[in-house]
Amino acid sequence: MTVEQLRKIHQARPFHPFEIHLADGRSLLVSHPECLAITPPGRTIGVGLDDGTIEIVDLLLVTSLKPRTNGRARPRK
């Protein structure tokens with residue numbers, strides 16, 4: 001994963017929540033743009049969690065990014 005790929009999904013307008021999938025099998029939800037911080041060199045990120053803590057992650061451990069759906073049913077055609 002590159003920092004440019006992460007910045008692209010993070011800075012998308014309008015913002016859409018997304019999951020960060022890690023090499024150890026965990027995933028972290030970024031529900032709002034303010035819940036993610038990227039260090040200036042781009043090697044480390046901080047993800048704000050629902051319990052008020054921050055998970056610090058080395059970007060080399062990120063395997064993929066996946067947009068989250070809003071959970072609403074799609075309209076039928």
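Three strands form an open sheet in the order 2-1-6, with antiparallel pairing. The model is predicted. Its largest nonpolar core has 16 residues, and the structure holds four salt bridges.

**Sheet**

- Strand 2 and strand 6 stand at the edges with a single partner strand each, so one side of each has no neighbour in the sheet.
- On average, neighbouring strands of this sheet are turned by 20 degrees against each other, direction ignored.
- Strand 1 and strand 6 run antiparallel and are joined by five bridges.
- Glu19 stands opposite Lys66, which lies in strand 6.
- In general, strands of a sheet pair through backbone hydrogen bonds, either parallel or antiparallel.

**Helix 1**

- Val3, Leu6, Ile9 and His10 are buried in helix 1.
- These residues cover an arc of only 130 degrees around the axis, which puts them on the same side of helix 1.
- An α-helix has 3.6 residues a turn, so residues three or four places apart point the same way.
- Glu4 and Lys8 are exposed on the other side of helix 1.
- The cover over the buried residues of helix 1 includes strand 1, strand 3 (36–38), strand 4 and strand 6.
- Gln5 also has its place in helix 1.
- Gln5 counts as partly exposed because its relative accessibility is 42%, between the cut-offs of 20% and 50%.
- Gln5 and Ser64 are 59 residues apart in sequence, but their C-alpha atoms are 9.7 Å apart in space.

- Two or more residues each come from helix 1 (3–10), strand 1 (18–22), strand 2 (27–30), strand 4 (44–48) and strand 6 (62–67).
- Leu36 touches Leu6, His10, Phe18, Ile20, Val30, Ile45, Gly46 and Val47, leaving aside residues up to four places away in sequence.
- In soluble globular proteins, nonpolar side chains tend to be buried together.

**Salt bridge Glu19–Arg68**

- The side chains of Glu19 and Arg68 meet in a salt bridge, at 3.1 Å from N to O.
- This pair links distant parts of the chain: Glu19 sits in strand 1 and Arg68 in the segment after strand 6, 49 residues apart.
- Glu19 counts as buried because its relative accessibility is 15%, under the 20% cut-off.
- Arg68 has 39% relative accessibility and therefore counts as partly exposed.

- Asp24 and Arg26 meet through their side chains in a salt bridge (2.8 Å, N to O).
- Asp24 has a relative accessible area of 52%, so this residue is exposed.
- Arg26 has a relative accessible area of 36% and is therefore partly exposed.
- A salt bridge also joins the side chains of Arg26 and Glu55 (3.2 Å, N to O).
- That pair links distant parts of the chain: Arg26 lies in the loop between strand 1 and strand 2, and Glu55 in strand 5 (residues 54–58), 29 residues apart.
- Glu55 is partly exposed, with a relative accessible area of 22%.
- Salt bridges that share partners join Asp24, Arg26 and Glu55 into one network.
- Side chains of opposite charge can pair when their charged atoms come close.

Conventions: Residues numbered from 1 in each chain as written. Predicted model: local features only at pLDDT ≥ 70, side-chain atom pairs only at ≥ 80, totals over all residues. Heavy atoms only, no water. Core = buried A, V, L, I, M, F, W, Y, C linked by side-chain atoms within 4.5 Å. Buried < 20%, exposed > 50% of the residue type's maximum accessible area, 1.4 Å probe, protein only. Helix = DSSP H or I, 4+ residues; strand = E, 2+ residues; numbered from the N terminus. Contact = heavy atoms within 4.5 Å. Pairing = 2+ DSSP bridges. Axes fitted to C-alpha atoms, helices over the stretch in contact; angles between N-to-C directions. Arc of directions from axis to C-beta.
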